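Hello,

I am passing a structure on to you, and my notes follow below it. Please have a look at it first, then read on.

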Amino acid sequence: MSGGRGWFDEDAGPVVRPYALTKGRTRATSYELDLITLVVARQPLPPNARALSPNYQRVLQACGYPVSVAEVAARADLPLGVVKILISDLIERDYVVFGPDSSPTTGPSLDMMQKVLDGIRKL
């Protein structure tokens with residue numbers, strides 16, 4: 001480090017380890033949330049929701065309408081693992097609800113797959 005310059009540039013902003021945002025937790029213990037699980041904030045939010053930390057607030061703002069967990073992470077500009085834990089906490093507090101996702105076990109019908117294959121063959 002010559003000239004007193006740090007390891008990262010000033011544009012990088014503050015560097016915080018993800019476990020510091022989740023109080024040392026590395027996994028959501030109550031709910032298994034996939035990337036495509038849909039979540040939405042309850043409306044109206046209870047008045048005590050304003051007392052939540054800024055990271056919880058960012059997640060709640062990103063959940064204004066049904067959106068996937070992956071999109072919440074992108075909108076809140078937080079790591080996906082952190083967002084899963086924060087959303088799980090918000091579900092436990094009844095600020096957020098989650099719905100079914102498009103799990104691989106309930107894939108498209110055989111008829112639909114045949115129509116797609118026929119369409120590809122026509123190309």
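In helix α3 (residues 69-76), the buried residues are V69, V72, A73 and A76; buried means under 20% relative accessible area, exposed over 50%, and partly exposed in between (1.4 Å probe, protein chains only). These buried residues fall within an arc of 100° when seen down the axis of α3, so they line one face of the helix. The arc is that of the directions from the helix axis to the C-beta atoms. Their cover includes β1, α2 (54-62), β2 and α4 (80-92), where contact means heavy atoms within 4.5 Å. Just after α3, D77 has a positive phi of about 55°.

A word on the source: this is a predicted model, in which local features need pLDDT of at least 70, side-chain atom pairs count only at pLDDT 80 or more, and totals for chains, interfaces and linings use all residues. Residues are numbered from 1 along each chain as its sequence is written, and side-chain values use heavy atoms, with hydrogens and water left out.

Helices (H or I, at least four residues) and strands (E, at least two) are DSSP runs, numbered from the N terminus. Three strands make an open sheet in the order β2-β1-β3, with antiparallel pairing; two strands pair if DSSP finds at least two bridges between them. At the edges are β2 (67-68) and β3 (96-98), each pairing on one side only. Strand β1 (residues 38-41) pairs with β2 over two bridges in the antiparallel sense, and V39 stands opposite V67 in β2.

Finally, V116 lies in helix α5 (residues 110-122) and is partly exposed, with a relative accessible area of 45%.

Best wishes
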